[in-house]
Amino acid sequence: MKKLLLAVLLFCVPAFAQFVPQPAGSYVNSGSGWVAATSTSTLDAATFVPKPIALYRLNTTLNQWVPWDGGSGSAGSVTTFTAGNLTPLFTTSVATPSSTPALSFTLSNQIANCVFGNFSSTSAPPSCSASPIFSAAGLTNFPTGQFANAGTVSSVTRGLNFEYHFQEASGATAITDYSGAGNTGTVTGTVGLTGTLVGGMNVCSTGCVGNVAPSGYVSLPATINTDPTLEFYTCTNQLVSAGITGGFIDIIAGGLISATVPSGGTTQATGLILAGGQGNSLATNAQYEPKFAVAPGTFNNATITAQSIDAAGGCHLVTVVRQTAPTPDLVYIDGKIASGTHFTGTGTLQQVITGVIAIGTPPYATLTAVYKHPYPIYYAAGANVAWTAEEVQRNYGSVQASMGFRGVVKLPPAYSDAGHQIVAGIDSLTWGFSSESLHGWPFYLAVNSGQPVTTTPYSIVTNIAIVGYQLKQSVAECESGKWQESLNPNSPTTIILDGGTNDLNGTATAAAGLPAVSAAVTYQRMRRLVQCAKGLKPQPRVFVVAMISRTGNSTGNGSVTNDSLKNSYDNLLRTDYAGSDGFIDIASFPAFGMDGAFNNSLTTACNGAKICYAVDGVHLLDAGQQTKAGFISSYLNYADNKFNGSNPTLITAATYTETAADVAITENPAAVADITLPTAVALVGTERYIKNISLFAVTVHAATGENIDNNGTVVCAANTRCVFHSVFGATPGLANPNTNAGAHWEQ
């Protein structure tokens, strides 16, 4: 048995047949060397128990194991060495197996997005799966939500007939329906489908940078066209500042109602919108602005049939329960009925859809940059029954939990430290509705192109306008705190409030809560909005803008003309600026403010000798928006320098044309000189002075077509300080300057 054991040890030590034994017992010295004591040995003082000798070798001559003395022993060799594979994790290989074996491991290739485990209901060998199914009951201590759940997320299954998980569709051309109804989604064109937990789906695979059309969409089966309940989970602030530079109407899902090519505000589609067509001019130095693509609603072609005042900036589940006449659609944000909804029509369910509903943009034959939802969508579902408020609320809980587990979170705004920020609102006149490019006047404050007056542009412009908004809705939105994140905390901010026309005209019936109100009530609403805006941090400078001419009569105000209401409202604003820091009297431009100016659609009074108004007699075309931007920018340039009297601009040239920013001038020419004042339009209520310290007279000229005290020129004598004040009306002393508008200077 001992020899057999030694043989095994010999196989394991091929260089020498050696081992390290433990002592066998006592040793004695009989005079010829130390030997192990036997039962007959005499144990005396010479007996000892040695420590183990470090190394032994086999003496083949004696056929005995003896302590190794450093000499050579008999050689050994490996006969063979083998190793097995561990499927499916790795394989092995052995180099030189009969001499000096070298064992190597190689990982096996697996399918993409593989999870290794046992996904059956019983004990079984593990395997690799790209779509594992976990049992929550069996994994009580495991965060299963971090992985794609192949089961149904919706906790409400009544009528559920499609449910899409876009986070699980990497490069797919067909979107799996997890409801079990088999209503697979179809990818047309190219959409962004990363297959990652926080990736979602985006119809703008290139990000829709600039004024770029979507590259594709996901269409629903035609059977979904009549679904009353539709819901989508989206994050509306996942774009960097340069992501969207052109105007667009945010349609999260739409179906065509006509084969006619869409143009302007005429979509030729019906469906769910976000913000009633919100979204242009992102703040150029702020990322992840939360205000864009908010306030969900429904639309039929150019008519917004339902719209909320609740902002949905960030990540939200938007649910619409469509209705038939005369019941309006119901819109929910995060399971709660949206507040302040206004209605200009009835429910959209009775609208016949040509073809199918598409997610991200209506399925136009040629996709347009105007109608798109350029933000990621993570989840979509629908039901062929109208869910109750309780069901919508309950389902939101399960969807939100799923999104939270998957890491879908609102990105915090990231602001820069540069520039003066302009925040502009509140309605379609600011948004740019019906203009050719869908750019509102705020867009042109940054680029300073195509404007009637030369101004200094502003680098950070944030357009928070929403189509159809009343001041009442903006007050509610501001007081809810949703305006705060639109302010760059690192920049001085000016808020420009251009609103009131929808309050005076009315945007819905009294039953909907947004009927027409009087000029006095509209003025009070503007005062409330001004005070709310002033309460934001850091405290902004707040200006209000005059209402411009509008076609039609206000049935809620005794059928008086909207122009008559314009005059009453603007006169109230002129008294104290509604408590704001300044009043931009854009109505002093005759092509905007005179009674009946909306009929000037056939004239060429605006920038570049172009038409100002769109054919609807309410909104402005590009030339009108550019002209408006020029006058508003002129007032801003004045306001930025109004306290510059202690540091006037020194002019020594013989001729000089003032800009709006030249509020204080010291004139010291070497001879008789001429100075031309800027246009008085939009500078109504402002002052400027010229201090002539020379020995020569200075002739002061009014801008072309304007006057100073009914004269084309006045003289500012030597060593005289001359003050000029801009006054509403084409000439002094008009009983009702609103009739023809205009502005002039008075000394």
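**Close-up views of a predicted model**

**View 1. Four cavities of 30 Å³ or more are counted in this predicted model.**

**View 2. Cys235 and Cys315 form one of the four disulfides in the model.** Their sulfur atoms lie 2.0 Å apart. The torsion about the S-S bond is about 110°, so this disulfide is right-handed. Cys235 belongs to strand β16 (residues 229-235) and Cys315 to strand β22 (residues 315-321), so the pair ties together parts that are 80 residues apart in sequence. Cys235 and Cys315 are both buried.

**View 3. A disulfide joins Cys478 to Cys532.** The two sulfur atoms are 2.1 Å apart. This link is left-handed, with -105° about the S-S bond. Here the partners sit in helices: Cys478 in α5 (residues 471-479) and Cys532 in α7 (residues 519-534), so the bond ties together parts 54 residues apart in sequence. Both Cys478 and Cys532 are buried.

**View 4. Cys716 and Cys722 form a further disulfide.** The distance between their sulfur atoms is 2.1 Å. A torsion of about 105° about the S-S bond is found for this pair, so the disulfide is right-handed. Cys716 is buried, as is Cys722.

**View 5. Five strands make up an open sheet with mixed pairing.** The strand order is β35-β37-β39-β42-β43. At the edges stand β35 (649-651) and β43 (743-746); each has a single partner strand, so one side of each is left without a neighbour in the sheet. Neighbouring strands are turned against each other by 25° on average, direction ignored.

**View 6. Strands β39 and β42 of this sheet run antiparallel.** Six bridges join β39 (residues 687-692) to β42 (residues 720-728). Glu687 stands opposite His725 in β42. Cys722, the disulfide partner of Cys716, falls within the residue range of β42, 720-728.

Notes: Residues numbered from 1 in each chain as written. Predicted model: local features only at pLDDT ≥ 70, side-chain atom pairs only at ≥ 80, totals over all residues. Heavy atoms only, no water. Pairing = 2+ DSSP bridges. Helix = DSSP H or I, 4+ residues; strand = E, 2+ residues; numbered from the N terminus. Axes fitted to C-alpha atoms, helices over the stretch in contact; angles between N-to-C directions. 1 Å grid on protein atoms, 1.4 Å probe; cavity = no way out; pocket = protein on both sides within 12 Å on 5 of 7 lines; lining within 4 Å. Points joined across faces, edges and corners; volume = space filled by probe spheres on them. Disulfide = S-S within 2.5 Å. Buried < 20%, exposed > 50% of the residue type's maximum accessible area, 1.4 Å probe, protein only.
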